Amino acid sequence: MKRFIIIFLFTTILLLTGCANTDLELERSQLESEIETLQSEVDTLQTIRDGLIQKDDIIYIIELQISQSHITLDIDELLKDELNQITIPIQVSEEYYYSIEIGDTLSDEFRVGSFLFKGSIGSWNIKVIDKQTVDATK
């Protein structure tokens with residue numbers, strides 16, 4: 001009787017192990033098929049990406065307005081500050097381009113030298129007035 005029970009248990013374990021291996025092999029083959037499909041999709045997407053404009057083909061430009069301002073009641077001085085403001089386009093990195101917005105003030109610094117030597121109280125104002133991208137391939 002003990003012999004029968006041992007043979008029965010041994011046979012049952014072998015059958016269960018064989019079924020589990022078959023299930024695992026089936027799942028493995030399905031996963032390998034899915035990997036092949038996904039790799040094919042990746043290759044297709046890379047081909048499409050290569051046909052689009054590359055990151056290096058885009059130039060990022062910001063336009064800065066640079067001016068002075070004085071604390072004064074002299075209308076001539078205020079008018080001079082207004083007429084002397086300039087705008088300069090500057091090429092910047094993509095990261096910097098997206099980190100700033102139109103209207104941002106980049107610098108509003110007190111002019112120490114003018115104060116020390118002339119007693120003039122004023123500051124430099126550097127402001128972003130425009131942003132644009134240019135396709136370098138054209």
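Student: How many residues does the chain have, and what percentage of them count as buried?

Tutor: This is a predicted model. The chain has 138 residues, and 14% of them count as buried. Its accessible surface comes to about 11,300 Å², with 61% belonging to carbon and sulfur atoms.

Student: In what order do the elements of the chain run?

Tutor: Reading from the N terminus, the order is α-β-α-β-α-β-α-β. Of the contacts with a separation of 6 or more, 68% are between residues 24 or more positions apart.

Student: Which residues form the largest nonpolar core?

Tutor: The general idea is to look for buried nonpolar residues joined through side-chain atoms within 4.5 Å. Here the largest such core has seven residues, namely Tyr60, Ile62, Leu64, Val92, Tyr97, Ile100 and Val128. Strand 1, residues 58-70, gives the most to this core, with three residues.

Student: Which residues does Ile62 touch?

Tutor: Leaving aside residues up to four places away in sequence, Ile62 touches Ile88, Pro89, Ile90, Val92, Tyr96, Tyr97, Ile100, Asp130 and Lys131. Among these contacts, Val92, Tyr97 and Ile100 are also members of the core.

Student: Which strands are joined to strand 1 by bridges, and do they run parallel or antiparallel?

Tutor: Strand 1 is joined to strand 4, residues 122-135, by 13 bridges, and this pair runs antiparallel. Within that pairing, Ile59 stands opposite Val134. Seven bridges join strand 1 to strand 2, residues 86-92, and these two also run antiparallel. There, Ile61 stands opposite Gln91 of strand 2.

Student: How should I think about side chains along a strand?

Tutor: In a regular strand, side chains alternate between the two faces of the sheet. For a case on the surface, consider Ile86, Ile88 and Ile90, which form a nonpolar patch with about 210 Å² of accessible area together. Ile90 is found in strand 2.

Student: Why does Ile90 count as partly exposed?

Tutor: Ile90 counts as partly exposed because its relative accessibility is 34%, and that class lies between the cut-offs of 20% and 50%.

Student: Is Ser67 buried or exposed?

Tutor: Ser67, which lies in strand 1, is buried because its relative accessible area is 12%, under the cut-off of 20%. Beyond residues up to four places away in sequence, Ser67 touches Gln85, Ser123, Trp124 and Asn125.

Student: What does Leu78 touch, and where does it lie?

Tutor: Leu78 lies in helix 2, residues 75-83. With residues up to four places away in sequence not counted, Leu78 touches His70 and Thr72. The C-alpha atoms of Leu78 and Gln68, ten residues apart along the chain, are separated by 9.3 Å. Leu78 is partly exposed, with a relative accessible area of 39%.

Student: How many salt bridges does a search of the whole structure find?

Tutor: Side chains of opposite charge can pair when their charged atoms come close. In this structure the search finds one salt bridge. Arg28 forms a salt bridge with Glu32, and the closest N and O atoms are 3.3 Å apart.

Student: Where do Arg28 and Glu32 lie?

Tutor: Both lie in helix 1, residues 2-51, and are four residues apart, about one turn of the helix. Arg28 counts as exposed because its relative accessibility is 57%, whereas Glu32, at 40%, is partly exposed.

Technical notes: Residues are numbered from 1 along each chain as its sequence is written. This is a predicted model: local features need pLDDT of at least 70, side-chain atom pairs count only at pLDDT 80 or more; totals for chains, interfaces and linings use all residues. Side-chain values use heavy atoms; hydrogens and water are left out. Buried means under 20% relative accessible area, exposed over 50%, partly exposed in between (1.4 Å probe, protein chains only). Contact means heavy atoms within 4.5 Å. Two strands pair if DSSP finds at least two bridges between them. Patches are made of residues with over 30% relative accessible area and no salt bridge: like charges are joined within 9 Å, nonpolar side chains (Val, Leu, Ile, Met, Phe, Trp, Tyr) within 5 Å. Accessible areas come from the Shrake-Rupley method with a 1.4 Å probe; for residues, only the protein chains shown count as cover. A salt bridge is a side-chain nitrogen of Lys or Arg within 4 Å of a carboxyl oxygen of Asp or Glu.
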